[in-house]
Amino acid sequence: MKITYKKNTPFLQLNIRTLGKALIFGALTLGTVSCEDDLRLEPENNITQNSFYTTELQIQQALSGVYSAMINASSRGGYDVNFYLLASEVRSNNFNAISQNGNRDYYAINRFQDTSSTAEMEILWEDAYQQISYANMLLSRIDAVPFADPATKEQYRSEARFLRAYAYFELMRSFGKVPLIDHPVSPEEAATIQRTDLATLYNFITSEIESSIGGLKNVYDAANKGRITKSAAHAMLGRIYLTGSGYPLNNGAYVAKAKDHLFAVIQGEGQFVTFSPNYADLFKSVNDNKYHIFEIQHISGGLSQGSYLPSYVSPNFGVADPFYNPQGSLFSSAELGVSQSLIDTYEPGDLRLPLTIKTSFIAQNGQPDQAKFFVKFREKGIVLTNRYDWPINFPIIRYADVLLMYAEVLNSQGNTAAAVPYLNKIRQRAGLTAVSTSMSANDFTTALRKERRVEFAGEGVYWHDLVRWNTGVAVINQAAAQLNYNFTITTNDYLYQIPLSQIQVAGYEQNP
């Protein structure tokens, strides 16, 4: 394999406001090809794996590539569009697919008509394994590279281990058993590695992130915002353990582990993590790397590193609308819309509703449209180079998620009274009245699940909640019946089909 650089790579002339934003240039270190330069026999900017990964700077650049795999590895955007919007949010009853209007993956996903040939499944698989491959190569070479500061080497190693484990977690949530590859392999060798059972995957993922904590920092200076912190590792472990305690693994021993890691994050409030007093402030690009614990980094300016997400979920507004942007949208109100079910879940006076969803707009042709759509990530007054160029970061884990997961654990352990203040902290920020500390555990569960749905609407959290609670079958079938959709699902539909191309190459057994 040959890694080819473009001339004038931005790595050597970084001049942006945070390294967190700089990380998104990493793909240039791993696979960017200049056609003109490739005509040379020995181009000066071609670097093979044997000559790369030999200096501290090159390891830093390679680590940027591991981060960058989450940004826009595919033509449809990065993890925020593929894993969190199309494969998660659209899968849930937060969206309704109205019409197919051509070959639209989001229609098939929402109506549970996807197959092993659905293109989106191939994208999920390839993007995550690209990130894993980048991390494997870095981790296989870093030991031999001299560093000025051993702590920096351990930090880079820890970040790569975290990101590799995180990619496996997303694969596992989408496909269940997947091949576990923890070192560089040839394509021929990769095709012989079969899918790994869930218990082994969980053990690998959690042990990798547990082991990474010691090498990570609690906070980074302004030039390094966006890197993985100890809080991010603890928060991710809390999510992973809580997921593993539910369906389908149902490992009850994971509940206590989730509790410990979630509490470790909460203990750092005000020092290592920040609770925003205003919901609106969470979704402004000026506040990137301020309130969220782990974010996908984006930057605008025509660098192909902006976010696609707002253009997927919101329409072309009329010029008089503050959300108007001349670069347009991928959204069609005739194809996909926010469900009335989600809108009805908001309580009267909930400040989050108008900040998350619009229920009508004036189109560019001047005509009114009664569509329902997300505006959570669509910033007012933003001027873009193109519709794929939104600057706002995407939150993979927010502090509110940690608080609500911790409350869920406390309630499951019979300590509802202690769980209520964490729920109320989120409700009060939303302008809602506090719930009583004397409420029953069952009532608390109902309240918390509703709270999670509206707090994280549009963020790809709700579908995975439905799966781990094993309420997805009942919820989706009820929604489908109410909308006269001609389908019902079973727990088999919690997972996507393994991409056909992978079945053909490696002979994997297919999900039922």
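The largest nonpolar core of this predicted model has 129 residues, and those with the most contacts inside it are Met 236 and Phe 294. Helix α6 gives the most to this core, with 12 residues. In soluble globular proteins, nonpolar side chains tend to be buried together. Around Met 236, leaving aside residues up to four places away in sequence, the residues touched are Phe 162, Tyr 166, Phe 169, Ile 209, Phe 294, Ile 396 and Ile 397. A second, separate core has 11 residues, among them Phe 112, Trp 463, Ile 476 and Phe 487.

Helix α3, which covers residues 79-89, is mostly covered, for 11 of its 11 residues are buried. The buried residues of α3 include Val 81, Phe 83, Leu 85 and Leu 86, and also Asp 80, Asn 82, Ser 88 and Glu 89.

Another helix, α5, spans residues 119-141 and contains Leu 139. Is Leu 139 buried or exposed? Buried means under 20% relative accessible area. Leu 139 has 17% relative accessibility and therefore counts as buried. When residues up to four places away in sequence are not counted, Leu 139 touches Arg 157, Ala 160, Arg 161 and Arg 164. Of these, Arg 157 stands 18 residues from Leu 139 in sequence, while their C-alpha atoms are 6.5 Å apart in space.

The next topic is charge. Side chains of opposite charge can pair when their charged atoms come close. The structure holds 28 salt bridges. One of them joins Arg 173 to Glu 170, with 3.1 Å between the closest N and O atoms. Arg 173 and Glu 170 are three residues apart in helix α6 (residues 150-175), so about one helical turn separates them. An α-helix has 3.6 residues a turn, so residues three or four places apart point the same way. Both partners, Arg 173 and Glu 170, are buried.

Because Arg 468 and Asp 465 are three residues apart in helix α17, they are separated by about one helical turn. Arg 468 counts as buried because its relative accessibility is 9%. Asp 465, at 3% relative accessibility, therefore also counts as buried.

Which residue forms a salt bridge with Lys 376? The partner of Lys 376 is Glu 459, and the closest N and O atoms are 2.7 Å apart. This pair links distant parts of the chain, 83 residues apart. Lys 376 lies in the loop between β11 (373-374) and β12 (394-398), whereas Glu 459 lies in the loop between α16 (441-455) and α17 (462-468). Lys 376 and Glu 459 are both buried. Both residues also belong to a network of salt bridges, whose other members include Glu 347, Asp 350, Arg 352, Arg 398, Arg 427 and Arg 429. Lys 450, Glu 451 and Glu 455 are linked in this network as well.

The final topic is the empty space inside the model. Rolling a probe the size of a water molecule over the atoms shows where empty space is left. The structure holds six cavities of 30 Å³ or more, and about 100 Å³ of space lies in the largest cavity. Of the 13 residues that line the largest cavity, Arg 173, Arg 239, Arg 452, Val 461 and Asp 465 lie nearest its centre. The elements giving two or more residues to this lining are α9 (230-245), α14 (399-412) and α17. What kinds of residues form the lining of the largest cavity? They divide into six charged, four nonpolar and three polar residues.

The lining of the second largest cavity divides into eight nonpolar, four polar and one charged.

Definitions and conventions. Residues numbered from 1 in each chain as written. Predicted model: local features only at pLDDT ≥ 70, side-chain atom pairs only at ≥ 80, totals over all residues. Heavy atoms only, no water. Salt bridge = Lys/Arg side-chain N within 4 Å of Asp/Glu carboxyl O. Helix = DSSP H or I, 4+ residues; strand = E, 2+ residues; numbered from the N terminus. Buried < 20%, exposed > 50% of the residue type's maximum accessible area, 1.4 Å probe, protein only. Contact = heavy atoms within 4.5 Å. Core = buried A, V, L, I, M, F, W, Y, C linked by side-chain atoms within 4.5 Å. 1 Å grid on protein atoms, 1.4 Å probe; cavity = no way out; pocket = protein on both sides within 12 Å on 5 of 7 lines; lining within 4 Å. Points joined across faces, edges and corners; volume = space filled by probe spheres on them. Nonpolar A, V, L, I, M, F, W, Y, C, P; charged D, E, K, R; others polar.
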